Amino acid sequence: MKLGKIVTIILIGFIVSCSNKSKKNEEWTKITRESKTIDNITYHFSSKIHISRRNSAIEECQNSITENLKLIKETEFTNEMDIEFLESRTEMLKYTGMGAQGMAFPDRNTFFTLLKDKDSPIKHEMMHMITMYKWGTPPETSTWMNEGLATYSGGICSKYSLTEIYKYFIQSKKLITMNKLANNFYGNPEMIAYSQSAFICKFLIDNYGLDKFKQIWVKGFNEMISVYGFDHQQLEIILAKYVNEKHPTNIEFDWEEFNEGC
Ligand SMILES: [Zn+2]
């Protein structure tokens, strides 16, 4: 009889634990993501996203590749990678450690981007992926070139041209020195650092070509004089001369609006 009692207790215990398990299972929420591979890229979306929205995002990625390659005078992009489309900065923070709009990880063959109808970060992040695949991850003193080129390509949320913005930074004494830009890029005010770098990248590429630009990308900021024949202080003078000739008088500028960004 004693043994029978023990068996009964064990059986009841087993049934209770099983029913607890099935109760827990009922609380699971199904989250599904769907993916599609086209050529070298696999695109990942939440199942909630309508097919037509997925297709327009894929088209935006493909156009970004074409336009970015044209800007850096390259023809081919065949690296295999994943693009993860996310719907909020909270999700971005969870997956990348940064609540940004987009994050490029060429060493993980992945980039994360928010799905945005306006001011999309796709072209900016795509430029990071392409250039870092082709030219390598730059040394820290070339971070300003990495961000500057991506910003030049992807654009900034502003109605002003890059030259007008640079002029405003001169007239309002907000300009960051090349030294600070190169040695502590992310330590500077974001909107100034990104747009100033975008202008300088465009200026260097337009006036001195991509070969020299790539050399600095790879070797770092301290090689400026050996590659360009002028150092960073002389570059600041060249840039100021160019911009002040284009805009000899101060320009109207809504700093508050500009500084809000996207
Ligand atoms: Zn960036």
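Me: Which residue in β5 stands opposite F105?

Reply: T110 in β5 stands opposite F105. The model is a predicted one, in which local features need pLDDT of at least 70, side-chain atom pairs count only at pLDDT 80 or more, and totals for chains, interfaces and linings use all residues. Residues are numbered from 1 along each chain as its sequence is written.

Me: How many bridges join β4 to β5?

Reply: Four bridges join strand β4 (residues 102–105) to strand β5 (residues 110–114), and the two strands run antiparallel. Strands pair if DSSP finds at least two bridges between them. Strands (E, at least two residues) and helices (H or I, at least four) are DSSP runs, numbered from the N terminus.

Me: And which residue has a positive phi in the hairpin of β4 and β5?

Reply: N109 does, with phi near 50°; this hairpin has four residues between the strands.

Me: Where else is phi positive in a residue other than glycine, say around 55°?

Reply: K73 has a phi near 55° and is found in the loop between α2 and β3 (81–86). D119, in the loop between β5 and α4, has a positive phi near 50°. As background, most residues other than glycine have a negative phi.

Me: Is K73 buried or exposed?

Reply: K73 counts as exposed because it has 10 C-beta neighbours inside 10 Å. D119 has 14 such neighbours inside 10 Å and therefore counts as partly exposed. The scale calls a residue buried at 20 or more other C-beta atoms within 10 Å of its own, exposed at 12 or fewer, and partly exposed in between, with C-beta atoms placed from the backbone.

Me: Changing topic: which residues of α9 are buried?

Reply: F213, I216 and W217 are buried in helix α9 (residues 210–219). Seen down the axis of α9, the buried residues fall within an arc of 105°, so they line one face of the helix. That arc is taken over the directions from the helix axis to the C-beta atoms.

Me: What covers them?

Reply: The cover over the buried residues of α9 includes α4 (122–135), α5 (143–154), α8 (190–208) and α10 (224–228). After α9 comes G220, with a positive phi near 105°.

Me: Which residues touch the most other members of the largest nonpolar core?

Reply: C61, M126, A198 and C201 do, in a core of 46 residues. The element that gives the most to this core is α8, with seven residues. Domain 1 (33–135) and domain 2 (140–260) each supply at least three residues to this core. Such a core is a set of buried Ala, Val, Leu, Ile, Met, Phe, Trp, Tyr and Cys residues joined through C-beta atoms within 7 Å.

Me: What is C201 in contact with, leaving aside neighbours within four places in sequence?

Reply: C201 is in contact with M145, G148, L149 and Y152. Contact requires C-beta atoms, placed from the backbone, within 7 Å.

Me: How many residues of domain 1 are in contact with domain 2?

Reply: Twelve residues of domain 1 are in contact with eleven of domain 2. On the domain 1 side, the elements giving two or more residues are α2 (51–71) and α4. The largest share of that side, six residues, comes from α4. The centres of the two domains, taken over C-alpha atoms, are 25 Å apart. The domain bounds come from an automatic or database domain assignment.

Me: Finally, where is F45?

Reply: F45 lies in strand β2 (residues 41–46) and is buried, with 23 other C-beta atoms within 10 Å. Leaving aside neighbours within four places in sequence, F45 is in contact with R33, E34, R54 and F85.

Note on methods: Two residues are in contact if their C-beta atoms, placed from the backbone, lie within 7 Å.
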